[in-house]
Amino acid sequence: MVTPHPVPLFDQVTGFPPDDAVDLTMSMPLSLAVYMTMLESTGHAADVAVLRAIYVDEARETARGLQARIAAVTAADVPDSARLRVTHIVEERIPRTNGLRPHVHFFVGTTARDGTRTLPVDVDALTTTAEADVLPASRDRLVATTAARCGLVWGATPWSSCEVLEPRWLVTRAAEIRDEEPPCPGPWPRRQVLVGRTP
């Protein structure tokens, strides 16, 4: 059975997230962001476009991955008809940071819908599930797709389980700047959970 998408929390064009929404923010692996910046600055627009499209597709699948784990963040007996309320926004840059830094804000409602009923979302469980299940699955898909379509070589580094390893300077550059990278504050000030953010 294919997991359905969650229902939108708000319309990106005309609306904004409710005050109690949670902003789950997931960043692209830093080495891949550095690689995309290099491609952009050296005139490889077509290669950047491919990676952008892959990342946008992956953000959509990650939203579906959140929906697939609705039982973990609401109640064990949640019906199949229940839907999380999620609107995701892909951004390419972080204020006051040079270069591309693609990341996704998943604005998640603190209640889910089951017809006319509402189900409370446990924000702590949502955070744990995002860290333990949703982000690793998303990274696995990103690695598999970019390796197959773009020839990227991935692996672990001393500070990350998932970085582009070739060319080698990408890892070196990412290691140099990672402690200086600020999180994106997001388009709206809501409770923010930085998923996969290593100290």
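**A helix crossing and an aromatic cluster**

In this predicted model, the axes of helix α1 (residues 30–41) and helix α2 (residues 45–68) come within 8 Å and cross at roughly 145°, where axes are lines fitted to C-alpha atoms over the stretch in contact and angles run from 0 to 180 degrees between N-to-C directions. Helices (H or I, at least four residues) and strands (E, at least two) are DSSP runs numbered from the N terminus. The crossing of α1 and α2 is left-handed, the near helix being turned anticlockwise from the far one by less than a right angle. Leu 32, Tyr 35, Met 36, Leu 39 and Glu 40 of α1 meet Asp 47, Val 48, Leu 51 and Arg 52 of α2, with contact taken as heavy atoms within 4.5 Å.

Elsewhere, the whole structure holds three aromatic pairs, defined by ring centres within 6.5 Å, with planes under 30 degrees apart counted as stacked, over 60 as edge-to-face and the rest as tilted. The rings of Phe 10 and Trp 188 have centres 5.2 Å apart and planes at 85°, so this pair is edge-to-face. Because Phe 10 lies in the segment before β1 (22–27) and Trp 188 in the loop between α5 (169–177) and β8 (191–195), the pair ties together parts 178 residues apart in sequence. Phe 107 and Trp 188, with ring centres 5.5 Å apart and planes at 75°, are also edge-to-face; Phe 107 belongs to strand β3 (residues 103–108), 81 residues from Trp 188. Phe 10, Phe 107 and Trp 188 form one aromatic cluster.

Residues are numbered from 1 along each chain as its sequence is written. Local features need pLDDT of at least 70, side-chain atom pairs count only at pLDDT 80 or more, totals for chains, interfaces and linings use all residues, and side-chain values use heavy atoms, leaving out hydrogens and water.

Terms used: Phe/Tyr/Trp six-rings, centres within 6.5 Å; stacked < 30°, edge-to-face > 60°.
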